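User: I'd like a close look at one part of this model, the surroundings of the ligand, and then at how that part ties into the rest. Which residues surround the ligand?

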Amino acid sequence: MSIKVEGLTKVYGEQYAVDNISFEIPKGEIVGFLGPNGAGKSTTMKILTCYLPQTSGKASVCGVDTLENPMDVKRKVGYLPESNPLYFDMYVKEYLTFMADLYKLKNKKSRVAEMIEAVGLTKEQKKKIGALSKGFKQRVGLAQAMIHDPEVLILDEPTSGLDPNQLVEIRGLIKNFGKEKTVMLSTHIMQEVEAICDRIIIIKNGKIVADDKTSDISRTVEERNFISVEFDKEVNIKDITALDGVSEVKEMGANTYLIAYLGSADMRVLVSRFAQQNDLLILEMHREKEKLEETFKKLTQGE
Ligand SMILES: Nc1ncnc2c1ncn2[C@@H]1O[C@H](COP(=O)(O)OP(=O)(O)OP(=O)(O)O)[C@@H](O)[C@H]1O
């Protein structure tokens, strides 16, 4: 297991920032860690990267306990903290060489060159970090997180404040990295999670409220399935509602209906038969999933 968290708790004074959470992330998974402001995402990430000790519970990375062996954990983990702290007076190449030195990398020259190229900093490598745009500073942060070729990457809001082109590039980089390694990232951008994450963990008030594959996360709050169908003419909603398993039908536009149903039977077959029997043509039909924004809102709004 790349990451294992068992009964993890962090208390600040009287406040439970992280409250008895448990999860495991196997090798090669890209996991989106979501939650409203103050939910406990950064605190969990700081514990996993040994920047903060927990109050109780256990955390380990690649089988190494974060409290027992923090130096070993740091060798296995690359971390991009939320505020991306960098030395603004250092030059890009100089800073990455300094980081490579800290990890005592033997191949530091070639590794620094490799990272500069991988994150697209070739043109900027001779600039002072303080003079870079936010997106390029973020790339330097990513390069430093990956410089020692860690097995696990932990990224706290890696794309916040980037322009749309940079967003796509940085997401591509993360996805590429995730082909071989394990990535846990926090973000407030739902499209980002849908674009790159295999799995989503949602945390609220320090507790996990959902943990599922990205494609299935909506079932945490909605047991029903949906299909949308457009016929060539108007249909009486009551007739569709009478089909086996249908719980609700909504008219979404001209001759277009959203059908909510329970159970695992393929409603498209029933609807096709219904169309045949009623001399209707199906112009379009597809499965609908609840939007991630909706699932997130339902899980995290209110006390
Ligand atoms: N050093 C600290 N001292 C006291 N309280 C803290 C400290 N660090 C975090 N907290 C509190 O713990 C809770 C969880 O904070 P955390 O930064 O982990 O949330 P988050 O999910 O990362 O939020 P955001 O999305 O805003 O970055 C918050 O209520 C926060 O105020």
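Analyst: A quick word on labels before we go in: helices here are DSSP runs of H or I with at least four residues, strands are E runs with at least two, and both are numbered from the N terminus. Counted that way, the protein chain has 10 helices and 14 strands. Keep in mind that this is a predicted model.

Now the site. Around the ligand you'll find Tyr12, Gln15, Ala17, Gly35, Asn37, Gly38, Ala39, Gly40, Lys41, Ser42, Thr43 and Glu82. Two elements give two or more residues to that shell, namely β2 (15-25) and α1 (41-48). The biggest giver is α1, with three residues. By class, the shell comes to three nonpolar, seven polar and two charged residues.

So what is α1 itself like? Eight of its eight residues are buried, so the rest of the structure largely encloses α1. That covers Lys41, Ser42 and Thr43, and then Thr44, Met45, Lys46, Ile47 and Leu48. For comparison with the chain as a whole, 36% of the 303 residues count as buried. After α1 comes Cys50, which has a positive phi near 70°.

Next, the sheet behind the helix. Six strands make an open sheet with mixed pairing, in the order β6-β7-β8-β3-β9-β10. The edges are β6 (77-80) and β10 (207-213); each has a single partner strand, so one side of each has no neighbour in the sheet. From one strand to the next, the twist averages 15°. At the β10 end, strand β9 (residues 199-204) runs antiparallel to β10, and six bridges join the two. In that pair, Ile200 sits opposite Asp212 of β10. As for α1, this helix packs on the sheet and touches β3 (30-34), β7 (152-156), β8 (182-186) and β9, with its direction at about 150° to that of β7.

Over by β6, another helix comes in: α5 (residues 134-146) lies across β6 and β7, running at about 165° to β6. Helix α5 also packs against helix α6 (residues 164-178), at an angle of about 10° and with the axes 11 Å apart. Angles under 35 degrees count as roughly parallel, and α5 and α6 are therefore roughly parallel to each other. On the α5 side the contact uses Gly135, Gln138, Leu142 and Met146, and on the α6 side Gln166, Ile170, Leu173 and Phe177. Those contact residues split into five nonpolar, three polar and no charged. As background, an α-helix has 3.6 residues a turn, so residues three or four places apart point the same way.

None of the seven residues of β14 is buried, and the strand is hardly covered. Strand β11 (residues 225-231) is joined to β14 by six bridges, and the two run antiparallel.

Zooming out, the C-alpha trace spans about 75 × 45 × 30 Å along its principal axes. Of the contacts in the protein chain with a separation of 6 or more, 64% come from residues 24 or more positions apart.

Conventions: Residues are numbered from 1 along each chain as its sequence is written. This is a predicted model: local features need pLDDT of at least 70, side-chain atom pairs count only at pLDDT 80 or more; totals for chains, interfaces and linings use all residues. A residue is near a molecule or strand if its C-beta atom, placed from the backbone, lies within 6 Å of it. Ala, Val, Leu, Ile, Met, Phe, Trp, Tyr, Cys and Pro count as nonpolar, Asp, Glu, Lys and Arg as charged, and the others, Gly among them, as polar. Two strands pair if DSSP finds at least two bridges between them. Axes are lines fitted to C-alpha atoms, for helices over the stretch in contact, and angles run from 0 to 180 degrees between N-to-C directions. Two residues are in contact if their C-beta atoms, placed from the backbone, lie within 7 Å. A residue is buried if 20 or more other C-beta atoms lie within 10 Å of its own, exposed if 12 or fewer, and partly exposed in between; C-beta atoms are placed from the backbone. Angles under 35 degrees count as roughly parallel, over 145 as roughly antiparallel, 65 to 115 as roughly perpendicular and the rest as oblique.
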